[in-house]
Amino acid sequence: MITQTRRRTATYLALAMIPLSGFATDIYIPSLPQMGDDLNVSSLQVQMTLSIFLISYGISQLFIGAILDSFGRYRLGLVSLILFAAASICIANTHNIYLIYIMRAVHGLTVATIVVAKRAYFVDVYQGDELKSYLSIFTIIWSAGPIIAPFVGGYLEAAFGWNFNFYFLAGMAIVLALLEILFSAETLSKPSVFDLKKITATYYKMITTPSFTLGLIMLGFAYSMVMVYNLTGPFIVQHHLGFSPVVAGYCSLILGLSWMLGGFIGKATIQRPFLKKITVNLLIQALFVLAMIVGSAFTESLYSLVFFAFLIHTCAGYTFNNYFTANLSQFPENAGIASGLVGGVVFIIVSFLSSGVVSILPASDSMNLSVSYLLLLAASFIGLYFIYKIRTRA
């Protein structure tokens, strides 16, 4: 069990592990076009490496929370770090797209275990306002992955090739595993009995709580806006506008900062009336999306693309921060299951929704991207309408 003297260091280490999912998702985003060329596969096939990771990551979180609540956080997280490193090295040394698909599924499973365990860590160790504060900080720290990863990945790809992105992931996991051995420990003081009937009842209770379920849907819509750009942006920047992978990495860096900015604004307004601030945020976001559509009809440049996407992603980050904090703090007595359910359902929604939108509106230009944002925003307004109806009945 973790001691009081280790708690502060373990907390910093837990926060340091949170961006791992963002790195696993985004570090090779600028390398997608080159990766497709080297592997001699289509853009859709190479985009599938991202979708498979998201699906595996999402589905794994649905059941991994119950396992962590019964068997502890520490050992399973440590083993997952080692397996993640091994899968990364395997990807870096193969040119078989189907083996990469399998290893990306392993990435999804292991990252899900690590991230759910660290989310549950904060619920194990902290309570009340301190817990809410850490959960809000959690989303801000988590956004560091999408900010830094593509920036690093663009330079790694330009200097050494796309496979060095995965060597970087392996090195990162090995370092974190060593630090985990030195400074962390178990935080689950009272493991739950692995009773399938009780676990199923807990899942049912959460899913049938309307505010929780609609919160999951709103989280999915918000993050899908970011993922649609991740799937299409590098192709627009490199193939359509004619810039390098390093420039694509800088664009992802700037848009990652916008997501973090939305998180900071969400933390600053945490005490404001919930539905009112979400409604105002979505209305502002709608103005930005409409402005991007009008602007794309008259001119298209890298600056206009990044400018409008920055504003839209800031609003998406704000929505995500608020709903993530609200959902994860609803069921503190089942922190692992709640954490897994939030992450799992959200990433399943994101993987299918973003892939579906991209298949309808391919990675061709800014207009397609802006219309993709409009579709997701319209879905967010529908979700908000049902949330209002539930609140009114209550």
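**Close-up views of a predicted model**

**View 1. Asn40, a loop residue with a positive phi.** Asn40 sits in the loop between α3 (32-39) and α4. This is a predicted model, and here the backbone is worth a look: Asn40 has a positive phi of about 60°, although it is not a glycine. With a relative accessible area of 69%, Asn40 is exposed.

View 2. Asp69 and Arg73 meet through their side chains in a salt bridge, with an N to O distance of 2.7 Å. Both of these residues, Asp69 and Arg73, are buried. Arg73 also meets the side chain of Asp124 in a salt bridge, this time at 2.8 Å, N to O. How accessible is Asp124, as a relative area? The value for Asp124 is 27%, so this residue is partly exposed. Arg73, on the other hand, has a relative accessibility of 6% and counts as buried.

**View 3. Glu180 and Lys118 bridge two helices.** Glu180 forms a salt bridge with Lys118, and the closest N and O atoms are 2.9 Å apart. Glu180 lies in helix α9 (residues 164-183) and Lys118 in helix α6, so the pair ties together parts that are 62 residues apart in sequence. Are these two partners buried or exposed? Both Glu180 and Lys118 are buried. For orientation against the previous view, salt bridges that share partners join Asp69, Arg73 and Asp124 into one network.

View 4. The structure holds 19 aromatic pairs, and here is one of them. The ring centres of Phe53 and Tyr57 are 5.6 Å apart and the planes stand at 10°, so the pair is stacked. The cut-off behind that label is an angle under 30 degrees between the planes. Phe53 and Tyr57 both belong to helix α4, where they are four residues apart, about one turn of the helix. Phe53 is buried, and Tyr57 is buried too.

**View 5. Tyr223 and Phe320 pair across the sequence.** Tyr223 and Phe320 form a tilted aromatic pair, 5.9 Å centre to centre and with 50° between the planes. The pair links distant parts of the chain, as Tyr223 is in helix α11 (residues 210-240) and Phe320 in helix α14 (residues 302-328), 97 residues apart. Tyr223 and Phe320 are both buried. Which residues do ring pairs link into a cluster here? The cluster is made up of Tyr223, Trp259, Phe320 and Phe324.

**View 6. Ser296 reaches back to a backbone oxygen.** Ser296 is part of helix α13 (residues 274-298). At 2.8 Å, the side chain of Ser296 reaches the backbone oxygen of Met292. Leaving aside residues up to four places away in sequence, Ser296 touches Ser366, Met367 and Ser370. Why does Ser296 count as buried? Its relative accessibility is 17%, and buried means under 20%.

**View 7. Ile137 meets residues from elsewhere in the chain.** Helix α7 (residues 128-142) contains Ile137. If residues up to four places away in sequence are not counted, Ile137 touches Leu15 and Lys267. Lys267 is 130 residues apart from Ile137 along the chain, yet their C-alpha atoms are separated by 7.6 Å. Ile137 has a relative accessible area of 25%, so this residue is partly exposed.

**View 8. Phe71 takes part in a nonpolar surface patch.** Phe71, Leu76, Phe194 and Leu196 make a nonpolar surface patch of about 420 Å². Among them, Phe71 lies in helix α4 (residues 43-71). Phe71 has a relative accessibility of 58% and so counts as exposed.

Terms used: Residues numbered from 1 in each chain as written. Predicted model: local features only at pLDDT ≥ 70, side-chain atom pairs only at ≥ 80, totals over all residues. Heavy atoms only, no water. Buried < 20%, exposed > 50% of the residue type's maximum accessible area, 1.4 Å probe, protein only. Contact = heavy atoms within 4.5 Å. Patch = residues over 30% accessible without salt bridge, like charges linked within 9 Å, V, L, I, M, F, W, Y side chains within 5 Å. Areas by Shrake-Rupley, 256 points an atom, 1.4 Å probe, with all protein chains shown as cover. Salt bridge = Lys/Arg side-chain N within 4 Å of Asp/Glu carboxyl O. Polar contact = N/O pair within 3.5 Å; in protein donor to acceptor, adjacent residues only side chain to side chain. Phe/Tyr/Trp six-rings, centres within 6.5 Å; stacked < 30°, edge-to-face > 60°.
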